[in-house]
Amino acid sequence: MVFRKPPDGGWGWVIVLVSFFAQFLCYGSPLAVGVLYLEWLDAFGEGKGKTAWVGSLANGIGLLASPVCSICVSSFGARPVAIFSGFMVAGGLMMSSFAPNIYFLYVSYGIVVGLGCGLLYTATVTITCQYFDKHRGLALGLISTGSSVGLFIYAPLQRELIELYGLDGCLLIVGALSLNILACGSLMRPLESSGSPPPEKTCADKVPDQYFVYHEKGKTVEENISILEKGYTDEKCVNNMPDCKQDNILNKNVLSSITVNEKDTYRKKVVEQTNFCKQLAKRKWQLYLTYWKETVVLFKNKVFSALFVAILLFDIGGFPPSLLMEDVARSANVNEDDYYMPLISIIGIMTTVGKLILGILADFKWVNTLYLYVTTLLMTGVALFAIPFAKSYLTLAVLSGILGFLTGNWSIFPYVTTKTVGIEKLTHAYGILMFFAGLGNSLGPPIVGWFYDWTQEYDTAFYFSGFCVLLGGFLLLLAALPCWNACASQGSKLPPNTYSYKVASS
């Protein structure tokens, strides 16, 4: 498939709009799962670490399956994948309303909803990057705010629905709302080169497959002649219909003069099918080898290797507050009368602001997006260290706002990945990085919950979280230092308008 040059506008803004609403409907409930988390604790009576698996799986399993999601988007396109993900998210939410125990929620809410979110996220990011180049940072920032706005609205919405209709009714209504993803996905028109003629086939491509598939050693002369005659006849029939009948009559006369026994005919068919399977297996094996070779090349890049470590540690430490902040406030004996707004809603609205501001900053040529991303990691680690000292609603609200703003670095993460590996390898590299991000999302909340179950307080857990994020930020900063490029290039200067960590795509 040949793509046009990114239009940086036009239908691209429609793509941004529908991607925004798709992420709003898809991620609203999973990101605001902290409200449901408290209800599940009371309903099933399980430990906090065990119950936290539901929300962590919903936010992590889709990222863990990012390589598979990337293959699906590459194979079927963004529009079919987005529509299918709408069915998965809505079905998983509705199934969760009938959950008899926590283990059922692991599958219905954690795996089914999580996979749907992963498919939709990959589809929206990929098609947005195809439609935008100059304003890619702004476009990615806008669509990524959909999930943050969803978090801001769904947190009080789910709480209100639980009071009116109970936990089961809340999940049914939220699942019904998610069906609107189908309408959003139907508007994701692929960016294809309409009207451009397909590339001419080479002489080797014009030769029918029969001449290649059955060119094997060990064939008898009679078998090769019959196969070539069959391929010649089939091509002749396609290209010249009037001559086809005459050739068929001649071939029948020739073949009728040859006495072929039934066993030989059956043996020829078996050999033909066997050789076809061999050639197909060889082609598939070459594709797999190419995939793994490209993966090895990516990890030879120091920045990319540090990037996957940083995203893993960031999600282990930085994701739990969005899930557990409400329980942190309850554990700190914060008076419910002091609640002006749910802490999760504060995280959501500030994440929206952070995504927009960071996305706009990424479009400035004088801003190095990698260093901007590293700065957000280091500041997140410091904010996590401060959570154990917050004992009032006001201080928790301020820290929630800071963490929410810094979590907006998700909007520039695809931008950093694109600048690191190139647009040609974005889908491949992004799938790998999202796998490690999903691993961090899946492990972070249960680890914090287990720390609480062991120590009966959250202080140690958030010290551990802050250390993980700071470690990832320092490793990425070390890998991105310009001195590495200076040593590698042996004094050669980089071309203008090129970041020091950019890798030329092969």
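Analyst: A salt bridge is a side-chain nitrogen of Lys or Arg within 4 Å of a carboxyl oxygen of Asp or Glu. Please note that the model shown is predicted.

User: How many salt bridges does a search of the whole structure find?

Analyst: Side chains of opposite charge can pair when their charged atoms come close. When the whole structure is searched for such pairs, the number of salt bridges found is one.

User: Which residue forms a salt bridge with Glu46?

Analyst: The partner must supply a side-chain nitrogen of Lys or Arg within 4 Å of a carboxyl oxygen. For Glu46, the closest N and O atoms of the pair are 3.5 Å apart, and the residue that supplies the nitrogen is Lys50.

User: Is Glu46 buried or exposed, or does it lie in between?

Analyst: Buried means under 20% relative accessible area and exposed means over 50%. Glu46 has a relative accessibility of 28%, so it counts as partly exposed.

User: What is the area of the nonpolar surface patch?

Analyst: Tyr165, in helix 7, counts as exposed because its relative accessibility is 53%. Together with Leu164, Ile173 and Leu177, Tyr165 makes a nonpolar surface patch of about 380 Å².

User: What distance separates the C-alpha atoms of Met350 and Gly401?

Analyst: Met350 is found in helix 16 (residues 343-362). Leaving aside neighbours within four places in sequence, Met350 is in contact with Gly401, Gly404 and Phe405. Although Met350 and Gly401 are 51 residues apart along the chain, their C-alpha atoms are separated by 5.5 Å.

User: Is Asn409 buried or exposed?

Analyst: Asn409 is found in the loop between helix 18 (393-407) and helix 19 (413-421). Leaving aside neighbours within four places in sequence, Asn409 is in contact with Phe314, Leu358, Tyr373, Thr376 and Leu377. Its relative accessible area is 1%, so Asn409 is buried.

Methods. Residues are numbered from 1 along each chain as its sequence is written. This is a predicted model: local features need pLDDT of at least 70, side-chain atom pairs count only at pLDDT 80 or more; totals for chains, interfaces and linings use all residues. Side-chain values use heavy atoms; hydrogens and water are left out. Helices (H or I, at least four residues) and strands (E, at least two) are DSSP runs, numbered from the N terminus. Contact means heavy atoms within 4.5 Å. Buried means under 20% relative accessible area, exposed over 50%, partly exposed in between (1.4 Å probe, protein chains only). Patches are made of residues with over 30% relative accessible area and no salt bridge: like charges are joined within 9 Å, nonpolar side chains (Val, Leu, Ile, Met, Phe, Trp, Tyr) within 5 Å. Accessible areas come from the Shrake-Rupley method with a 1.4 Å probe; for residues, only the protein chains shown count as cover.
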